[in-house]
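Below is a short report on one protein model.

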Amino acid sequence: MTDLTKYRNIGIFAHVDAGKTTTTERILKLTGKIHKTGEVHDGEATTDFMEQEAERGITIQSAAVSCEWDGHRMNIIDTPGHVDFTIEVYRSLKVLDGGVGVFCGSGGVEPQSETNWRYANESGVSRVIFVNKLDRMGADFYRVVDQVENVLDANPLVMVLPIGTEDEFTGVVDLLTRKAYIWDDSGLPENYTVGDAPADMVEKMEEYREKLIETAVEQDDDLMEAYLEGEEPSLEDIKRCIRQGTIKLDFFPTYCGSAFKNKGIQLVLDAVVDYLPNPTEVKPQPETDEDGNETGKFAIVDPNGPLRALAFKIMDDRFGALTFIRIYSGQMNKGDTVLNTFTGKTERIGRLVEMQADDRIELTGSQAGDIIAVVGMKDVQTGHTLCDPKNPATLEPMVFPEPVISIAVSPVDKGGSEKMGIAIGKMIKEDPSFRVETDEDSGETILKGMGELHLDIKIDILKRTHGVEVSVGKPQVAYRETITKRLEDSYTHKKQSGGSGQFGKIDYVIEPAETGEGFSFESKVTGGNVPREYWPAVEKGFKKRMDKGVLAGYPCVDVKVTLLDGGFHAVDSSAVAFELAANGAYRQSMPKAGAQIMEPIMKVDVFTPDDHVGDVIGDLNRRRGMIKSQDIGGAGVRIKAEVPLSEMFGYIGDLRTMTSGRGQFSMEFVHYLPCPRNISEEVIKEAKERDAKK
């Protein structure tokens with residue numbers, strides 16, 4: 001059995017361009033996993049192995065690698081930073097025990113850092129902070145620490161101080177040991193010396209060291225009392241307290257350096273070993289029933305317990321389908337039969353592999369605490385639980401956001417249709433935030449995703465990875481419809497055509513429901529005018545029609561239907577008759593209940609240099625944006641706004657033009673709001689034109 005206390009399952013996450021992938025490369029070099037460091041800007045990073053990642057210099061899918069440091073096994077997941085791929089961050093955090101939050105020394109706490117930090121808080125993941133790129137112009141470690149406190153509302157525990165700034169950044173002072181780590185100019189991570197702190201930093205070092213110890217000893221009342229009486233705790237005791245506080249999320253040990261220049265990474269690796277939890281120290285995963293409600297039982301991390309594992313990612317590569325799995329309890333060996341509680345089917349484990357980005361090492365078995373991949377599983381999808389068939393259980397599932405943007409695609413040549421279907425099927429398995437549907441009337445294939453870049457990359461993967469040439473329609477916004485008035489109405493469905501007929505009469509109320517409630521149904525029928533066995537048919541009739549609103553055919557949300565009374569015929573009434581009555585009632589009443597179009601509103605976070613603020617704000621206002629706040633930072637201004645998605649197409653190009661290429665932005669869906677009348681009319685007109693073409 002492997003000693004679980006020597007395991008660290010960690011993720012590296014941050015805003016786009018803060019240096020996550022470069023940091024991962026340096027870790028792999030230091031731990032001896034790779035001998036030549038690949039650079040992101042050259043398109044050669046180990047974990048960015050997709051063509052699209054190498055070209056764009058961004059991470060699109062999370063990649064898993066395993067390595068060793070100081071006798072500890074680390075499973076590391078390098079996650080994407082771009083907001084369109086936060087789903088990758090979310091599902092990676094779900095299966096990790098700890099993380100390294102990377103922040104750019106000059107950019108500081110950027111828009112996407114906040115989203116990732118929020119996900120990590122929700123998942124209860126302990127973190128250490130690494131302030132990267134301290135060799136960059138405008139880098140300021142102390143400003144970033146300040147932003148972590150004020151913007152993220154977190155408690156950074158400063159563990160090291162930088163020696164020098166920008167091009168003169170040479171190393172760090174470790175506050176616990178009072179030692180200075182100084183790297184030479186060779187760029188090699190192992191070329192450093194350890195000595196005393198520079199004389200001009202001693203005062204600052206002592207000030208920060210005192211703060212560090214004061215914060216740490218708050219974890220232990222006896223140590224705190226002794227410290228207040230003037231007795232300094234031992235290094236072991238301080239480290240024990242820091243570990244306790246980090247695991248409880250009371251604070252986050254904060255380091256700094258330059259991953260690109262190979263400075264400061266060793267101390268971060270030591271911190272991962274010293275302060276981040278092993279699999280047995282995190283809250284165990286709750287088990288749930290079929291409806292997703294917690295049962296009160298937990299998957300305790302124990303290699304000898306019953307098998308409990310979660311599939312958190314599917315990836316299709318040149319060797320076939322790979323299912324990434326985190327094992328929480330028990331063991332999984334080659335040849336085992338496991339039960340998928342979602343499908344109710346069993347599968348045999350063929351090949352187990354340990355991942356090294358896109359390389360793999362064959363395994364014969366694995367156990368609680370491991371993150372591994374299984375080759376060739378058939379019906380397993382993201383979020384499915386795999387368990388012991390004799391002792392079944394379901395782990396808390398993953399919840400994925402609804403897509404907000406769609407495009408129509410069709411294969412360029414007729415023969416490409418089947419090929420495209422197979423390729424899209426594989427892509428949906430890999431990415432739960434990517435959906436597809438076929439428009440029944442036009443036969444078009446509609447792809448749905450989280451943003452323009454998300455769909456752009458999917459089209460690219462279709463063309464290059466799967467060799468399917470497609471023509472692409474213009475992006476469509478996922479509008480919704482709802483109602484604004486309460487309406488009491490009645491509808492009778494009657495059909496007589498010789499033999500037994502159809503009869504169903506319903507009296508009902510249609511009214512707006514709470515925002516986000518979707519569709520709800522209630523019956524207040526007393527007496528037997530509508531027998532109880534027909535209530536579900538009435539609900540089904542209304543619910544089915546909600547997929548297509550009466551104004552422009554978009555799904556209808558936040559509507560409550562209450563069945564008050566009705567009438568039935570002893571011979572002619574049936575479930576079908578009442579379902580058809582509800583169908584007709586929907587068509588009759590929805591237009592009278594103040595139907596309106598709702599549009600998706602995005603939370604937009606824009607960073608711009610000072611001299612372009614006016615242009616950026618003016619442009620957001622023209623896009624019907626509501627400016628929420630402006631924050632002035634060292635390198636520029638951050639503007640937060642809420643803007644309708646329909647106004648944001650092509651924004652990246654416009655922003656670059658306005659800011660001479662220096663602006664950046666991120667956006668994510670926040671809520672639906674009613675459309676202004678002129679926009680509604682346009683949406684309805686477009687829908688009618690589309691229908692006319694069909």
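The sections below go from the whole chain to single residues.

## Basis of the model

This is a predicted model, in which local features need pLDDT of at least 70 and side-chain atom pairs count only at pLDDT 80 or more, while totals for chains, interfaces and linings use all residues. Residues are numbered from 1 along each chain as its sequence is written, and side-chain values use heavy atoms, with hydrogens and water left out.

## Overall make-up

The protein has 16 helices and 38 strands. These are DSSP runs numbered from the N terminus: helices are H or I with at least four residues, strands are E with at least two. Of its 694 residues, 54% count as buried. Buried means under 20% relative accessible area, exposed means over 50%, and partly exposed lies in between (1.4 Å probe, protein chains only).

Contact means heavy atoms within 4.5 Å. Among contacts with a separation of 6 or more, 71% come from residues 24 or more positions apart.

## Helices α6 and α7

Helix α6 spans residues 202-217 and helix α7 spans residues 221-228. They pack at an angle of about 140°, with their axes 8 Å apart. Axes are lines fitted to C-alpha atoms, for helices over the stretch in contact, and angles run from 0 to 180 degrees between N-to-C directions. The two helices are therefore oblique to each other. Angles under 35 degrees count as roughly parallel, over 145 as roughly antiparallel, 65 to 115 as roughly perpendicular, and the rest as oblique.

Which residues of α6 and α7 meet? From α6 come E210, I213, E214 and V217; from α7 come L223, M224 and Y227. The residues of this contact divide into 5 nonpolar, no polar and 2 charged. Here Ala, Val, Leu, Ile, Met, Phe, Trp, Tyr, Cys and Pro count as nonpolar, Asp, Glu, Lys and Arg as charged, and the others, Gly among them, as polar.

## Aromatic pairs

A search of the whole structure finds 10 aromatic pairs. Rings of Phe, Tyr and Trp (its six-membered ring) pair if their centres lie within 6.5 Å; planes under 30 degrees apart count as stacked, over 60 as edge-to-face, and the rest as tilted. Y142 and Y208 form a tilted pair, 5.9 Å centre to centre with 45° between the planes. The pair links distant parts of the chain: Y142 is in helix α5 (residues 141-150), Y208 in helix α6, 66 residues apart. Y142 is partly exposed at 26% relative accessible area. Y208 is buried at 15%.

Y181 and Y192 form a tilted pair, 5.9 Å centre to centre, with 35° between the planes. Y181 lies in strand β9 (residues 179-183) and Y192 in strand β10 (residues 192-196), so this pair ties together parts 11 residues apart in sequence. Y181 is buried at 18%, whereas Y192 is partly exposed at 32%.

## Cluster and charges over rings

F103, W117 and F252 form one aromatic cluster. The charged end of R127 sits over the ring of W117, 4.3 Å from its centre. K458 has its charged end over the ring of F434, 5.3 Å from the centre. The criterion is NZ of Lys or CZ of Arg within 6 Å of the ring centre and within 35 degrees of the ring normal.

## Buried elements

In helix α9 (residues 265-275), 9 of the 11 residues are buried, so the helix is largely enclosed by the rest of the structure. Among them are I265, L267, V272 and Y275.

V375 is in strand β22 (residues 371-375). This residue is buried at 14%. V375 and A321 are 54 residues apart in sequence and 6.0 Å apart in space, C-alpha to C-alpha.
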